[in-house]
Every structure is written in C-alpha cells, then in structure tokens.
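Open the model in your viewer and keep the selection panel at hand. The stops below say what to select next and what is there.

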Amino acid sequence: MAAEFSLGTLSNTPTLVSNFVGNLDPQDTFSFSLPSSDGNINVALTGLSANVDVTVFKDLNSNGIVDAVDTQLGTSSRSGTSDEAINIANQAAGAYVAQVNRFSSNNSGYNLKLSTTGLTLPSNLLTSDIPVGPLTSSRSFKDSLSNNDTSDIYNFVVNTAGSFRFTLDPVESVDPDLRLIQDINSNLVVDPGEVIAISSVGSGSNDVITNFLNRGDNYFVQVYQFSGDLINYSLTATPV
C-alpha cells in the first residue's frame, strides 16, 4: 500500500499532522524527503490517550512504502501515553518514511510533528522525554546521546519563583550542549524568543545555566549533541 500521507520536503518549520490509529486503521504511514543539504531528522509524537509508537525508515527505493530493502533508522516505543521522540543526525538528501503504530489493541489520537535542522543544531520539537514535574529540590539524571538520539528533553514546572541552576557534566571528553526553553505559546515547538539561555562551553567541560524562573510557567531543559557519537552525561537541576 502506498503511503497514506505525503508530507513533501521537510524544513526547519515543523510539519504537523493530527490523526488517529485504531481498529480500522492500526498504522499510519508518512513519506517525506530531506532537501539537498544533509541534516538532522526530528520527529515528535504527542497528545496520546493510549500507547502509540513511531518509527523512521530510509526509503532506499523511493517508493513511499516500507519494504524489505528499506533501513530502519530509529524508533520510539515508550510505555503508556508518554510522548515519543526520534532525533537522528546527519542524514542525506532523499526519501524517508515515518510509521505511526498503535501498540496492542490501543486506540488513540495523536499529533505528529517532523522537522529538519542543521548538523550542529538541536531539535526544535518539544516533548516530555523525561517529565520531571515540580522542581522543588535538587534532582540528578543520567542518560546518553548518540547519532541516533541527539536530544533529551526534561520538562518541569516551577511552584515557587526563584533562581535555578542546571549543570551538565559530559563525563567524557565529548561535547553535549545545554539550553533552557520556555514554551510560551504551548505549541511544543521552539519558537523565536523562547530560548531563555544556552550553554556551549566546549568539549569535556561542564555547561551551567543559572536563571530566575517564574511560578507556574512550563519549562524545558534540552541536552543535545554538538559533537561525539556516544555521549554519556549527568544533569543536575537545583533551586538556588
């Protein structure tokens, strides 16, 4: 079966599709292409009421469907109604396919966003990869980045206005970077004026952001790949 939806050529401006998977339509397929210059593929699946997964393939024969010759590039299959995200570095111009699949017998609506960004630029799509909740005391997290997972996003709220410090320790001599985002219009896209602060100090050094944050606002901290294929890191978030 040909792709149900053709999204055309991706750009830095996210493409948004809202749809549903269920008993009569357990899988939605989207064909898209990258422009002539190489770039990163960013995919976000949000607004779920049940468990739904997403996978991206390189469409090697450019026929708009997933078949035996195609290569799976990345998949996101978190449990429950958690947001799904795929961020893949350094992909060539050409044809690709994204598939949205329900898990088991689940029925759910969803919002699918796709974009492409430059090789050293972070994803501009926001998801609650790691939902922190209210940040009332010091919290520490450990995770990793790679060419097939270039971005981790921590979503938190502030119950009491004040200053907060975010410290990124790259563990090895590699170079992840850090930015603090306020999604002012709640569209889950990093729009102009929504990046509060960026720290990009260089390979092997800690990135630190300290900023005053308002009570009740919705914030995201993004750890993203600048250089290095496998990046282990720890992130500490502390009210100060």
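Select Ser140 and you will find Thr236 in E18 opposite. Strands here are DSSP runs of at least two residues, and helices (H or I) of at least four, numbered from the N terminus; two strands pair if DSSP finds at least two bridges between them.

This is a predicted model, in which local features need pLDDT of at least 70 and side-chain atom pairs pLDDT 80 or more, while totals for chains, interfaces and linings use all residues. Residues are numbered from 1 along each chain as its sequence is written, and side-chain values use heavy atoms, leaving out hydrogens and water.

Leu168 stands opposite Leu235 in E18.

**Stop three: the salt bridge**

Select Arg78 and Asp129, which form a salt bridge with the closest N and O atoms 3.8 Å apart. The pair links distant parts of the chain, 51 residues apart: Arg78 is in the loop between strands E6 (71–76) and E7 (84–91), Asp129 in the loop between E9 (108–117) and E10 (130–134). A salt bridge here is a side-chain nitrogen of Lys or Arg within 4 Å of a carboxyl oxygen of Asp or Glu, and the structure holds one.
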